[in-house]
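Open the model in your viewer and follow along. Each stop gives a selection and what to look for.

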Amino acid sequence: MRRITFLVYAVLWMMLISLSYYQQLKDTKRYAEDIAIRQAAMFFDHIVLIRQWNSSHGGVYAVDDGQIRADSTASSFVETKDGRRLAWIGPTQMARELADAAKSKTVIRFHVASIRPSSADNKADEWELRALLAFRNGETSVRGIAVLDNQPYYRYIAPLPAAENCLTCAGLDDDGGGAISVSIPVASIDAFISERLRQLGVTHGIIASVGVIVLLLSYLAQVRLSKRLDKAKSRLQLAYLDSLTLLPNRRYYDAFVKREWKRAMRHQYPISMIMIDIDYFKAYNDSLGHPEGDQCLRQVARTLKRFFRRPGDLIARYGGEEFCVVAACDANQILALAEILRKAIENMRLPHPNSKISEFVTISLGVSTIVPREHQEFEQLLHAADQALYNAKASGRNRVGR
Ligand SMILES: Nc1nc2c(ncn2[C@@H]2O[C@H](COP(=O)(O)OP(=O)(O)OP(=O)(O)O)[C@@H](O)[C@H]2O)c(=O)[nH]1
């Protein structure tokens with residue numbers, strides 16, 4: 001894993017965790033809102049039940065302790081034989097009383113709201129008014145978040161059941177088009193879910209950190225592994241590559257030629273070799289110096305290497321200023337290849353001040369081809385190529401010998 005890959009994975013992981021955190025946060029808040037609204041709806045049902053009970057008894061009388069805000073008309077009060085004063089309380093007034101009690105004793109608010117209120121207490125606020133109008137358009141309940149006394153509240157409102165409205169129309173008290181709204185402070189629900197939100201944050205933080213640590217550890221392990229591999233590779237290269245020309249070395253050549261020899265013997269196809277020697281290289285070194293000689297070897301190697309791309313072919317540095325080619329091809333093909341190599345070096349036009357045959361660096365080549373038989377050894381191929389090289393040198397250099 002490269003550093004950029006690690007960073008991309010880490011960023012993706014963090015994005016995934018953030019997305020999950022955001023989604024769960026949203027779900028939890030929506031769930032809390034659902035619970036609050038459900039609670040409000042249950043509250044609504046209770047109030048309706050109490051109103052219906054009151055209404056079904058044609059209102060109730062309670063001892064007038066001076067706290068009850070009964071209708072102030074004289075007919076709203078009666079006196080018992082024992083001299084106690086009783087106040088008459090209708091369903092709407094009863095709801096008001098309960099609303100006052102809830103306000104002073106709980107965080108929940110409820111309100112009997114009406115478009116045509118029988119008292120100022122029942123006047124709908126802006127949010128309720130919109131809901132009351134929505135009921136006229138067929139809505140059965142309205143929920144939402146709205147500000148009440150400078151505080152956000154989950155709010156639920158539903159119309160009073162038609163039967164009860166009808167009873168109120170009959171004269172118990174008059175809240176035509178009435179509804180009851182129940183409001184629960186957002187803060188009370190937030191307090192309820194804050195622990196869950198904290199847990200969500202901690203869990204996601206832990207999962208995110210563990211993921212990043214695992215990624216980091218696997219990245220570091222991979223870095224260590226690739227360092228080891230690089231070391232092993234360079235050790236292997238040192239063992240099988242010639243450090244000057246970067247061509248395979250003599251050790252690699254030995255293993256390669258033995259393997260190819262056996263394969264050629266098994267399948268009975270020809271195996272060929274070219275021995276290559278730079279002409280008058282001692283004179284080159286003597287005139288231009290050893291470092292220039294090294295440079296010349298590198299350039300010759302680079303040029304020769306261009307012609308060897310097939311996996312079955314090999315060019316190696318045999319030693320000193322000698323190179324060796326092994327190829328799975330016949331005598332004509334190896335002869336043609338050798339001639340191509342000779343020309344390629346000549347065409348480099350690398351100045352050779354002390355050569356007796358050219359002003360440029362040239363090579364002599366010896367080729368040999370054998371279809372290996374059981375009793376033969378691969379050295380025969382080498383000896384034949386050596387002999388051919390000797391012939392090329394003897395007959396004037398810068399040529400291919402056979
Ligand atoms: N600069 C340099 N020279 C090398 C290296 N390896 C071998 N030589 C030189 O190559 C020269 C080979 O000389 P000889 O074997 O006499 O052959 P030659 O001078 O090329 O003569 P012919 O092959 O007969 O044309 C020697 O002087 C070696 O020192 C090397 O790695 N770098």
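Which of the 16 residues around the ligand come nearest? Select Asp279, Phe281, Lys282, Gly293 and Gly320: these come nearest to the ligand. A residue counts as near if its C-beta atom, placed from the backbone, lies within 6 Å of the molecule.

A word on the model. It is predicted, so local features need pLDDT of at least 70 and side-chain atom pairs count only at pLDDT 80 or more, while totals for chains, interfaces and linings use all residues. Residues are numbered from 1 along each chain as its sequence is written.

Stay at the ligand. Color β8 (271–278), α7 (281–288) and α8 (290–305); each supplies at least two residues of the shell. Helices (H or I, at least four residues) and strands (E, at least two) are DSSP runs, numbered from the N terminus. The shell holds 6 nonpolar, 4 polar and 6 charged residues. Here Asp, Glu, Lys and Arg count as charged; Ala, Val, Leu, Ile, Met, Phe, Trp, Tyr, Cys and Pro as nonpolar; the others, Gly among them, as polar.

Next, select strand β4, residues 109–113. Of its 5 residues, 4 are buried (20 or more other C-beta atoms within 10 Å of the residue's own, with C-beta atoms placed from the backbone). Pairing takes at least two DSSP bridges. Find Arg109, opposite Ser183 in β7.

Now select residues 6–22. This span is 100% helix, with end C-alpha atoms 24 Å apart. Residues 202–221 are also 100% helix, with ends 28 Å apart between C-alpha atoms.

Zoom out. The protein chain has 10 helices and 12 strands.

Key
A residue is buried if 20 or more other C-beta atoms lie within 10 Å of its own, exposed if 12 or fewer, and partly exposed in between; C-beta atoms are placed from the backbone.
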